[in-house]
Amino acid sequence: MAGALIEQLITTRSAIAPVLAEPNVLSTQISQFLHGHDAVVLEKKNDWMRVRGADLYEGWVHEAYFSEPRSAAGIRSGWQSDRLMSLGCAVTELGGQLRKLPLGALLSEGDVIAEGNVISADERRAMFPTRGEAITETAMRYFEGTYYQWGGITPWGCDCSGLAQSTYSLHGVQILRDAALQATQGTAIEAGLEGLKPADLLFFSDREDGYITHVALSLGDRKIVHLTLYQGGHAIDDLDSDHPRLRKLRSRFRFARRILG
């Protein structure tokens, strides 16, 4: 039997490492890696690496944000790690440096909690069950007040699909990174806006070709929670509202999909 494929893995050592579309500091951020999360190295170009995360999303990162590459058989999502996870905290590292860590970041061995909250893997499974109402509660509670940031995945700055992915991940469900990819997952809801359950995903497009450009989480009763540029960030909205912004969003609705069985 052939042995397991050995890959070159790197681990994020900064609180957040930006993932860019091109190997250039001026390029667009398309996603992020969090402290303690791993990536697979696909290509190296000077100080830049093209990498793939556990969610299969690819982009370019600067080597300064990461540990030296090491060999390993496969990659595991940081959200499934057995290490302590930040819910928003600050730690004192072994060298005495204070580091702030966002929701989803993993603590390193020797870190001392200075403030905020962390959670073990067992506590995470108990506190964040795989239920629709629990998922939407997390999206409302932990991301309240978050500003809109293209490519962001934390309460320090987030986009629409980052909210969906990080929230689902905290509850033990891996979904893909951007809205167009998320729109391929789960099962179609034939009734459209009718009969939605909490944590169903609603997809929208502002393009003539219908390419999905926005995703929101259903709260039920045609209400949604999402990260939206039009409101600068986190918002809870009623799709039956007569507000011009909500009428426009409603006109861009394309379909909904159910991730949970």
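I began with the neighbours of threonine 154: it touches Ile16, Gln32, Leu34, Pro102, Leu103, Phe143 and Thr146, leaving aside residues up to four places away in sequence. Contact here means heavy atoms within 4.5 Å.

I noted the ground rules next. This is a predicted model, where local features need pLDDT of at least 70, side-chain atom pairs count only at pLDDT 80 or more, and totals for chains, interfaces and linings use all residues. Residues are numbered from 1 along each chain as its sequence is written, and side-chain values use heavy atoms, with hydrogens and water left out.

Where does threonine 154 lie? I found it in strand 11, residues 153–154. Strands are DSSP runs of E, at least two residues, numbered from the N terminus.

Is threonine 154 buried or exposed? It is buried, with a relative accessible area of 0%. Buried means under 20% relative accessible area and exposed over 50%, with a 1.4 Å probe and protein chains only.

I then checked its side chain. A polar atom there lies 3.0 Å from the backbone nitrogen of tryptophan 156.

I moved on to the loop between strand 15 (214–220) and strand 16 (223–228), where I found aspartate 221. Arginine 222 is in the loop between strand 15 and strand 16 too.

I looked up their phi angles. Aspartate 221 has a positive phi of about 55 degrees, although it is not a glycine. Arginine 222 is not a glycine either, yet its phi is positive, about 65 degrees.

Last, I compared accessibility. Aspartate 221 is exposed at 68% relative accessible area, whereas arginine 222 counts as buried at 19%.

Conventions: Helices (H or I, at least four residues) and strands (E, at least two) are DSSP runs, numbered from the N terminus. A polar contact is a pair of N or O atoms within 3.5 Å; within protein, one must be able to donate a hydrogen and the other to accept it, and residues adjacent in sequence count only if both atoms are side-chain atoms.
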